[in-house]
Amino acid sequence: DKKVVKNAQKLSSDLEFSRSEKRDMTYVNCWHENEFESDAMWTLYSKDITNAVAIRTTYQRFYESLGKDPLIDIGRVNYVNFNKAFSENNSTQWYKRKSFSHENEVRAVLINETRRELDGVPIDVDLDVLIDSIFISPYAGAWFVDVVKDTLKKYKLEKPVFQSDMAQKPLY
């Protein structure tokens, strides 16, 4: 039926427009959740793997560091096969393709309907609350550990700093 097809195409077009509009007012901060370090994450998300750090935090610390802002939602990403399932129109920010599941992503999401900023929305974060500890890249030199510790001292952040376990020689 031509009328059904035309209505379906209009609905699809309206949904895509709505999704595009919402995307312009959605701001996302992404984190990796895992029990152990991931070489893939160090490699994928470090511009210079020899000068990289990872911040360890908890959900509670993350939430509190953002001032317990009720406008910011924190949650895990759902990884789906979009050939067999789809994301809800009002929650696309919580879905990703299954091929990204290695990221084990946790997101803080702010939907700001009043302001649209090209470069993001600045949000105050209490670093002393946010940071539980800091891990240094397994590919970093010893000098970089000193730079990180000096930087923490400069900003009066007393946080433990660890060299990545991946830098250690395994016991065979």
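## Helix 5

Helix 5 (residues 142-154) has 13 residues and spans 19 Å from its first C-alpha to its last, close to the 18 Å expected at 1.5 Å a residue, where the expected span is 1.5 Å times one less than the number of residues. Helices here are DSSP runs of H or I with at least four residues, strands are runs of E with at least two, and both are numbered from the N terminus. Within helix 5, Phe144, Val145, Val148 and Leu152 are buried, a term that stands for under 20% relative accessible area, with exposed meaning over 50% and partly exposed in between (1.4 Å probe, protein chains only). An α-helix has 3.6 residues a turn, so residues three or four places apart point the same way.

On the other side of helix 5, Ala142, Trp143, Lys153 and Lys154 are exposed. The buried residues of the helix pack against strand 2 (53-56), strand 7 (133-136) and strand 8 (161-163), a contact being heavy atoms within 4.5 Å. After helix 5 comes Lys156, with a positive phi near 55°.

## Basis of the model

The model is predicted, so local features need pLDDT of at least 70 and side-chain atom pairs count only at pLDDT 80 or more, whereas totals for chains, interfaces and linings use all residues. Residues are numbered from 1 along each chain as its sequence is written, and side-chain values use heavy atoms, with hydrogens and water left out.

## The chain as a whole

The chain holds five helices and eight strands, which run α-β-α-β-α-β-β-β-β-α-β-α-β from the N terminus on. Of its 172 residues, 28% are buried. Among contacts between residues at least 6 apart in sequence, 72% join residues at least 24 apart. The accessible surface of the chain is about 12700 Å², and 53% of that area belongs to carbon and sulfur atoms, as computed by the Shrake-Rupley method with a 1.4 Å probe, where for residues only the protein chains shown count as cover.

Leu127 lies in helix 4 (residues 127-130) and is partly exposed, with a relative accessible area of 42%. Asp119, in the loop between strand 6 (105-111) and helix 4, is exposed at 81% relative accessibility. Although Asp119 and Tyr27 are 92 residues apart in sequence, their C-alpha atoms are 9.6 Å apart in space.
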